[in-house]
Amino acid sequence: MTVYILCFAVLLIGIYGVLVKRDLIKIILALGIMGYATNLMIILFAYRKGGHYPILEKGREVTAMVDPLPQALILTSIVIELGITAMLVALAIRLYQKYQTFDITKIRRLSG
Amino acid sequence: MILPFFVIIPLLAAFLIALISGDREDWAAILSILSVIILLVLSVYGFFALSETTSIYEMGGWQVGHWKLPVTILLVQDALSAFVLMVVSIIALAALIFAVQYIRHKNPTWKFYALFMLMVTGMNGVIITGDIFNLYVFMEIALFAAYALVAFGGQAEEYEAAFKYAVMGSISSTLILVGIGVLYSATSTLTIARIAELLPGLSPSLTYWVGGIFIAGFGLKAATMPFHAWLPDAHSSAPAPISAMLSGVLIKALGIYVLIRLFFNMFADYPVFKTIFLILGSISILIGSFLALGQWDFKRLLAYSSISQVGYILLGLGLGTYWGVLGAAFHLFNHALFKALLFLNAGSVEVALGTRNLKEMGKLNRIMPVTSATSMVASLSISGIPPFNGFFSKLIIIIAAVQAGLPFYALVAVVGSLLTLAYFMKVQRYGFYGEKIHDQVDTPIGYGMKTAMLLLAVLCIVTSLMVIPGVLEKTLDPIANVILNRAEYIHSVLGR
């Protein structure tokens, strides 16, 4: 139970960062933290206490195994997050070229 | 089996465009229009020929010798998904025909077409998948292309809008992934139909928690009222054909369609979700209309109007009756048609005169007859004037609200409709029939752009035939049945 609470705390840190920070790069980092917390949570769902790696070999009995499917899901979601982060960083660089700042309070030409 | 081709064709087109196009974008345009026409033919065939049945395709279920994978990913096509696929293909075709000449005035490059086809891939994937994690992956593909396309123009405002959209989209995607993880840990499966089968045996609090997370996540994609902040910026900053795609189909394929699939076909019938839909829908209708009323930027007005019209779809869904759901599905189609048309009108005015401000447009019905006439059709349609299609879908939703014993929500829908009429009268008065400001257009608009607008305008009138008894049973009736019949969905997908 403790690990889930810690995992939730990491998610809250990420949400706090997205909502409160005023720097584009810090917002991107906070989104990354939110993503890590989610991935960690799904990996924790798959964990079995004393479970083995889920590969069948000769000479090894089938005992309690860790669920392999969430690990595959996490790999996919990490790749997606990589793409989105690259996109956000590229946009942040272009925004810096246009406005000469990373401060979101100064980047507001759109309103209403 | 045609199901995998809805994903394969646009994905292949996106990669081929990247491979074969050099400096010129002609081949990219031809290839993308060709593949969207094939998709349109396939989806129309799927909707009219196969809508009574549910077709299943098992990805990874191929027979290799005597060995067959026990676990597969399902692709499911029933009346609802065939219908939304058809909407996506129609709008994509019109937007592409428009884009060929529009993008030559901006910065012509093959990257536009490659990203466009990637967005179509993502949307088609979301619509036909029967697996909840697969849905997440396709949703991210569509969103990734959408972020890039919003920033396509290269102006400061466009980067700003794209960054805002990307941050809010990522937050909602994270929430959705949390929900999927919780569902997997509770049911040990990712197939939507199997989850639907197992959920009634589990604690109701699981459904409430996951449902709440999904309403926040997919509600943000659909831009319902408390989650709408990204939409006016993103939809008004994007190039016009992309605005037509985003407002016309992206918010519906990624938001509304998934909400329908999850809350009507997956979760059991909890009245609290219906109430939430009703409340979110009415807030969206009223506040979206009021905000649209104050706008002078044509595209920004249309973006706020999208929020309000999506509210009608949610209201119809929240009623949960046969006619409410049918009206919602019909309004989904109609809104895609006339909102795409209006965004294309805004794009052609922008090309011709270089302005989006209604006050600077003036009397355009003399110098831009096609744009002016089609925008009139779309405005009458969206404000709900008979005999255009918007009238019938709004009427069905209002009558359904009265029949369901909820006259307050019917009143909300009527007031929203009057406000819609008000702000589109403003568009027509200042934009197309006001005082004369321009003697002639700066840049004449091309035939392709006119064709796309005329195509959508004709469809705005033709689709109102869908409510005629006899046609209704063929087109909208199977959709409403799929949405309302949860047990049938589980049965037809799992085959037991």
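Okay, a bit of housekeeping. Since the model is predicted, local features need pLDDT of at least 70 and side-chain atom pairs count only at pLDDT 80 or more, while totals for chains, interfaces and linings use all residues. Residues are numbered from 1 along each chain as its sequence is written, chains are lettered from A and ligands numbered from 1 in the order in which they are written, and side-chain values use heavy atoms, with hydrogens and water left out.

Let's start with chain A and its helix α1, residues 2-20. When I say helix or strand, I mean a DSSP run, H or I of at least four residues for helices and E of at least two for strands, numbered from the N terminus. The expected span of a helix is 1.5 Å times one less than its number of residues.

Buried here means under 20% relative accessible area, exposed means over 50%, and partly exposed is in between, using a 1.4 Å probe and protein chains only. As background, an α-helix has 3.6 residues a turn, so residues three or four places apart point the same way.

In all, 34 residues of chain B are in contact with 36 residues of chain A, contact meaning heavy atoms within 4.5 Å. The area buried between the chains is about 3000 Å², and carbon and sulfur atoms give 78% of that. Buried area is the accessible area (1.4 Å probe) that two parts lose on being put together, summed over both. Of what chain B buries against chain A, B:Tyr159, B:Glu160 and B:Phe163 supply 23%, more than any other three residues.

Now, rings. Rings of Phe, Tyr and Trp (its six-membered ring) pair if their centres lie within 6.5 Å; planes under 30 degrees apart are stacked, over 60 edge-to-face, and the rest tilted. By that rule there are 27 aromatic pairs over all chains. Take B:Tyr165 and B:Trp230: their ring centres are 4.4 Å apart with the planes at 5°, so this pair is stacked. The pair links distant parts of the chain, with B:Tyr165 in helix α6 and B:Trp230 in helix α9 (residues 230-237) of chain B, 65 residues apart. Both count as buried: B:Tyr165 has 3% relative accessibility, and B:Trp230 has 1%.

There's also a cluster linked by ring pairs, including B:Tyr208, B:Phe214, B:Phe263 and B:Tyr270.

Another ring to look at is B:Trp296. The charged end of B:Lys359 sits over this ring, 4.5 Å from its centre, and the charged end of B:Lys426 sits over it too, 4.2 Å from the centre. For that to count, NZ of Lys or CZ of Arg has to be within 6 Å of the ring centre and within 35 degrees of the ring normal.

On to the backbone. A cis peptide bond joins B:Pro386 and B:Pro387, with omega about 5°. B:Pro387 is in the loop between α14 (369-383) and α15 (389-403) of chain B. B:Ala223 has a positive phi of about 60° although it is not a glycine; B:Ala223 is in the loop between α8 (204-222) and α9 of chain B, and is buried at 0% relative accessible area. A:Gln100 also has a positive phi, near 60°, but A:Gln100 is exposed at 56%.

Last stop, helix α19 (residues 486-494) of chain B. Its buried residues are B:Arg486, B:Tyr489, B:Ile490 and B:Val493, and they fall within an arc of 95°, so they line one face of the helix. Among the elements covering them are β1, α10 (240-266) and α18 (471-484) of chain B.

Definitions and conventions:
Arc of directions from axis to C-beta.
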